[in-house]
Amino acid sequence: MNIQTEHRHATAGPTPYDEVYYPGHVYGLTHPNHLATIATVYGMQPAPVERCRVLELGCGVGGNLLPMAFQYPDSEFVGVDLSGVTIERGRRNIATLGLGNIKLLHCDIMNVDASFGQFDYIIAHGVYSWVPSAVREKMMTIFKQNLAPSGICYVSYNAHPFSHLRDMVRDMMRYHTRRLTGMKEKVGQARAILKFLSEGSKANSVHGAVMRDQCNRVLKAPDELLFHDDLDESAEAFLLHEVVEDAGRHGLQYLSDADFSRRYLAGYSEEVRATLQRFPESEFMARDQYQDFVDGNGFRRTLLCHDNLSLSRRIDVNFVTRFHVLSTTSPVDPDACVTDDSAMVFENQDGSRVTASNPLLKAAHVCLGRAWPRALSFDELLDGARTLLGGRRADDQKVLTEAMFILVCSGEVSFLLSRPFLLKEATDHPQASLLARRQAQTGPLVTNLLHQTVQLEDDRTRDFLQLLDGARTIDQITAEMTERFGHTIRVDQKDIAGQPTEPLLLSTRESVQRSLAMVGKLGLLVA
C-alpha cells in the first residue's frame with residue numbers, strides 16, 4: 001500500500017468505544033459493488049470494484065471493511081478510527097487472515113489530509129450524527145478532497161422527522177441515567193425508566209402510542225448499540241436537505257439514497273405518487289425530502305459525488321439488462337406447473353412473496369432461485385427461462401425486461417454491476433471462505449461473499465465449516481465427520497409454521513452432502 005499514515009496516531013485519550021466494544025458488522029449498502037451499481041444507474045462511470053481504493057471513516061474493528069478486502073485482493077482498503085483498542089483488535093483479525101491490502105489506522109478524522117490520496121469509494125456509516133460539528137465539517141472536507149473524480153461517498157445519519165420521536169425518549173433516558181457511568185447499569189436503567197413511562201402513559205393517546213413504539217425499539221436494541229447511539233450526549237439528527245446543502249458548500253452534490261428501492265412509489269396512494277412524480281429531474285433531492293416527510297424516515301443513507309458530474313435521473317426500462325440479477329426466490333409449492341398460466345407463488349428468504357402466472361416469469365423466478373447465491377446476467381436469465389420452458393417466443397425479451405424492471409425497482413430482485421466471486425456447487429475439494437471459517441471459530445455469525453451476515457445452524461455446522469479448507473476431499477470430510485459424530489446424524493426439522501417436526505436421521509455422507517448444499521446456498525463457497 002502506498003499510503004504513508006502509520007505514524008498518524010490519535011491525539012485524544014481513551015474513547016467510550018475503548019471501554020464498551022461496538023460489534024463490527026457488514027452493511028450491504030456500503031459495499032463498493034453496490035455503490036458502483038447505483039452510480040452507473042445515474043450515468044456515472046465508477047471505478048471497477050476489482051481494482052479500486054476504499055476509505056472508511058469510523059471503521060471500528062473493521063467488521064465492514066475487512067470482508068471487502070478479503071473479496072477484492074487487488075483493491076486497497078484504508079480504515080481510520082479514534083479507538084485504539086478497537087483498531088488493535090481489527091489489526092489482529094487482519095493478521096490472522098494474512099491480508100496485505102488493508103490498513104486500519106488509529107487516527108483522528110481531523111488528521112486525515114491530502115496525503116492519504118484519493119479514493120474511489122468513501123464510507124462513513126454511523127459517524128456523522130455522533131461527532132461534534134467541527135468533525136462533521138472536516139468529514140465534508142474529506143469527502144471533497146479525498147474523493148476521486150468519479151468517486152462515490154456514502155454517509156449515514158439519524159434523520160428527521162422520525163428522530164424527533166427518538167430524541168424525545170433519548171432525553172428521558174439520558175436524564176434518568178445522568179449520574180450513572182457503568183454501561184450495564186446505565187443501559188438497564190434506561191430501559192427500566194422507558195418501560196415505566198410507556199406503561200404509565202395513556203394507551204389511547206398519541207403520546208402513549210409513541211412511547212410504546214419507542215419502548216419496544218429500545219427493549220430490542222443490543223446493549224452496545226443503545227449505549228453508543230441513544231445514550232450518547234452529542235447525537236444529532238438532520239433533515240436530508242441540510243446535509244445535502246452542507247455538501248453543496250463543499251463542492252459535492254446529491255447522488256441518491258443508497259437504497260435504490262426507495263424511489264419506487266407503487267406502495268403510495270395515487271395522490272402521493274402523482275405529487276412526487278411531478279418533481280423535475282433538477283429537484284431530485286427535494287422529492288426525496290418530501291418522501292421522508294411522508295414516510296417519517298429516521299435514518300438516512302446518502303450518496304454524494306462531485307458537483308461537476310452530469311447525472312441522469314431518467315431510468316429507461318431496459319437499464320436492468322446491463323446488470324447481474326439475483327434473488328432468493330423459491331416456489332412455495334415445488335410441484336406447481338411452470339408451463340401453464342396458473343398462478344405460482346414464490347417466497348424470498350425474508351418472507352416476502354411474489355405471485356406470477358406468465359410461464360416465462362415463473363421460469364425466470366425458478367432460475368433465479370436455483371442459481372442463488374450466484375448472480376445471472378440478463379441474457380443468462382432469459383436463456384435459462386427459455387430452456388426451462390423448452391422453447392422461445394418473439395416477445396420473451398420484452399416481457400422479461402419489463403418484469404425485471406419492476407422487480408428490481410421494488411427491491412424484490414437485487415442487481416449488481418459486477419458479478420460476486422462465489423460458487424454455489426461444491427467441488428471435489430470444497431473450500432469455504434477463509435473469513436467465514438475464522439469467524440465460525442468464535443460464534444455462529446459469519447460474513448458471506450455477498451457482504452451479508454448469515455447465521456450457522458449449530459456447533460456441528462461450525463465444525464463442518466472448518467473442514468472445508470480446499471485440501472480435503474468430500475470422502476475425507478465424511479470420514480472426519482464420522483469420527484466426530486458417528487455413522488448417523490440427527491437433523492432437527494420444522495414445518496412451514498416454524499414448529500418442530502419429526503427429526504431426520506441421515507447417514508454421515510447424506511449429512512455432508514446436505515451441509516455442502518446449505519453452505520453453498522449461504523454464499524460461503526469460494527470460486
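Is Cys215 buried or exposed? At 6% relative accessibility, Cys215 counts as buried, where buried means under 20% relative accessible area, exposed means over 50%, and partly exposed lies in between, with a 1.4 Å probe and protein chains only. The model is predicted, so local features need pLDDT of at least 70 and side-chain atom pairs count only at pLDDT 80 or more, while totals for chains, interfaces and linings use all residues. Residues are numbered from 1 along each chain as its sequence is written, and side-chain values use heavy atoms, with hydrogens and water left out.

The overall architecture comes next. The protein chain holds 19 helices and 17 strands; these are DSSP runs, numbered from the N terminus, with helices being H or I of at least four residues and strands being E of at least two. The radius of gyration is 25 Å, close to the 24 Å that the globule rule gives for 527 residues, so the chain is as compact as a globular protein of that length. That radius is taken over C-alpha atoms, and the globule rule is 2.2 Å times the number of residues to the power 0.38. Along its principal axes the C-alpha trace spans about 60 × 60 × 60 Å. Of the 527 residues, 51% count as buried. The accessible surface comes to about 24300 Å², and 51% of this area belongs to carbon and sulfur atoms; accessible areas come from the Shrake-Rupley method with a 1.4 Å probe, and for residues only the protein chains shown count as cover. Among contacts (heavy atoms within 4.5 Å) between residues at least 6 apart in sequence, 73% join residues at least 24 apart.

Helix H2 illustrates burial at the level of an element. Of its 10 residues, 10 are buried, so H2 is largely enclosed by the rest of the structure. The buried residues of H2 include Pro32, His34, Leu35 and Val41. Just after H2, Gly43 takes a positive phi of about 95°.

A pair of aromatic rings is described by the distance of the centres and the angle of the planes. Rings of Phe, Tyr and Trp (its six-membered ring) pair if their centres lie within 6.5 Å; planes under 30 degrees apart count as stacked, over 60 as edge-to-face and the rest as tilted. A search of the whole structure finds 13 aromatic pairs. One of them joins Tyr42 and Phe284 edge-to-face, at 5.7 Å centre to centre and with 65° between the planes. This pair links distant parts of the chain, since Tyr42 sits in the loop between helix H2 (32-41) and strand E1 (53-57), Phe284 belongs to helix H12 (residues 284-295), and they are 242 residues apart. Tyr42 is buried, with a relative accessible area of 2%, and Phe284 is buried at 9%. Another pair, Phe260 and Phe319, is tilted, with 6.0 Å between centres and 55° between the planes. Phe260 lies in the loop between strand E6 (252-257) and helix H11 (270-277), and Phe319 in the loop between strand E7 (299-306) and strand E8 (324-326), 59 residues apart.

Several individual residues complete the picture. His365, in helix H13 (residues 359-371), is buried with a relative accessible area of 5%. Not counting residues up to four places away in sequence, His365 touches Thr329, Phe346, Val354, Ala356 and Leu407. Leu265 is found in the loop between E6 and H11 and is buried at 6% relative accessibility. Asn297, in the loop between H12 and E7, is buried with a relative accessible area of 15%.

Cys59 is buried, at 6% relative accessibility. A search of the whole structure finds 0 disulfides, a disulfide being a pair of cysteine sulfur atoms within 2.5 Å.
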